[in-house]
Amino acid sequence: MKALEGIWTPHGRVICYKCHGTVFPNNSYIEGSDRWLRLTSPQKLKDDHGITYCDKCGDDVQVWDHLAKEHNLVKRLREHGIDASMWQTGGMCSAVGINFKGTDHGSNDKLAHILVTYGEGYVDDNLVTYQLGWYNNDGEYVEDKSGCFDAEDDVFKCIFKMKDQLEEIENGREKFKK
């Protein structure tokens with residue numbers, strides 16, 4: 001498989017070199033040079049890389065595997081009506097960010113959010129690939145709503161279960177107000 005090389009930006013976007021342009025903070029390329037032509041032409045998939053898409057033009061791009069998995073999860077969640085986006089979490093690290101308004105344990109004016117990261121690791125001697133963290137508006141970790149998962153489908157189902165539970169809470173509040 002071949003794809004363009006992609007870039008993870010400090011603004012939480014995945015883009016191809018063509019859409020980024022030739023000027024970078026610490027480097028620049030000459031349009032038409034051999035290096036630029038290689039960066040803007042599909043290349044064989046590198047080890048530890050996965051395929052996702054450019055946020056600007058939609059072309060297939062290859063980026064680090066964990067980033068591609070997170071970026072593709074964002075797309076899947078959006079296709080199912082979840083307000084998900086990529087978050088640059090510091091030091092050029094990445095996470096899937098999901099916001100839920102009015103869901104901070106009964107407080108109508110707060111925003112709870114979920115962060116999902118991909119990366120192999122061990123929790124209690126079990127290999128996990130996706131870590132899901134639930135945080136309240138104050139940035140506090142909510143342990144009883146967080147977890148680790150082996151597969152994207154499991155994370156996806158958990159997020160939808162949470163969404164359904166939160167909608168039930170909101171609907172209950174609305175009924176109580178009436």
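In strand E2 (residues 14-16), cysteine 16 is the bridge partner of glycine 6, and E2 runs antiparallel to strand E1 over 3 bridges. Two strands count as paired if DSSP finds at least two bridges between them; strands (E, at least two residues) and helices (H or I, at least four) are DSSP runs, numbered from the N terminus. This is a predicted model, in which local features need pLDDT of at least 70, side-chain atom pairs count only at pLDDT 80 or more, and totals for chains, interfaces and linings use all residues. Residues are numbered from 1 along each chain as its sequence is written, and side-chain values use heavy atoms, with hydrogens and water left out.

**Strand E1 and its partners**

- With strand E5 (residues 43-44), E1 pairs in the antiparallel sense over 2 bridges, and alanine 3 sits opposite glutamine 43.
- With strand E7 (residues 60-64), E1 pairs in the parallel sense over 2 bridges; here leucine 4 has valine 61 as its bridge partner.

- Most residues other than glycine have a negative phi.
- Aspartate 48 has a positive phi near 65 degrees; this residue lies in the loop between E5 and strand E6 (49-53) and is exposed at 57% relative accessibility.
- Methionine 92 also has a positive phi, near 65 degrees; its place is the loop between strand E8 (84-88) and strand E9 (94-101), and it is partly exposed at 36%.

**Salt bridges**

- The structure holds 5 salt bridges, each a side-chain nitrogen of Lys or Arg within 4 Å of a carboxyl oxygen of Asp or Glu.
- Lysine 69 pairs with aspartate 65, their closest N and O atoms being 3.9 Å apart; because the two are 4 residues apart in helix H3 (residues 65-79), about one helical turn separates them.
- Glutamate 152 meets arginine 76 at 3.0 Å, N to O, linking helix H4 (residues 152-177) to helix H3 across 76 residues.
- Aspartate 153 also forms a salt bridge with arginine 76, at 2.7 Å between the closest N and O atoms; aspartate 153 is in H4 and arginine 76 in H3, so this pair ties together parts 77 residues apart in sequence.
- Glu5, Arg38 and Lys46 are joined in a network of salt bridges.

How values were computed
Buried means under 20% relative accessible area, exposed over 50%, partly exposed in between (1.4 Å probe, protein chains only).
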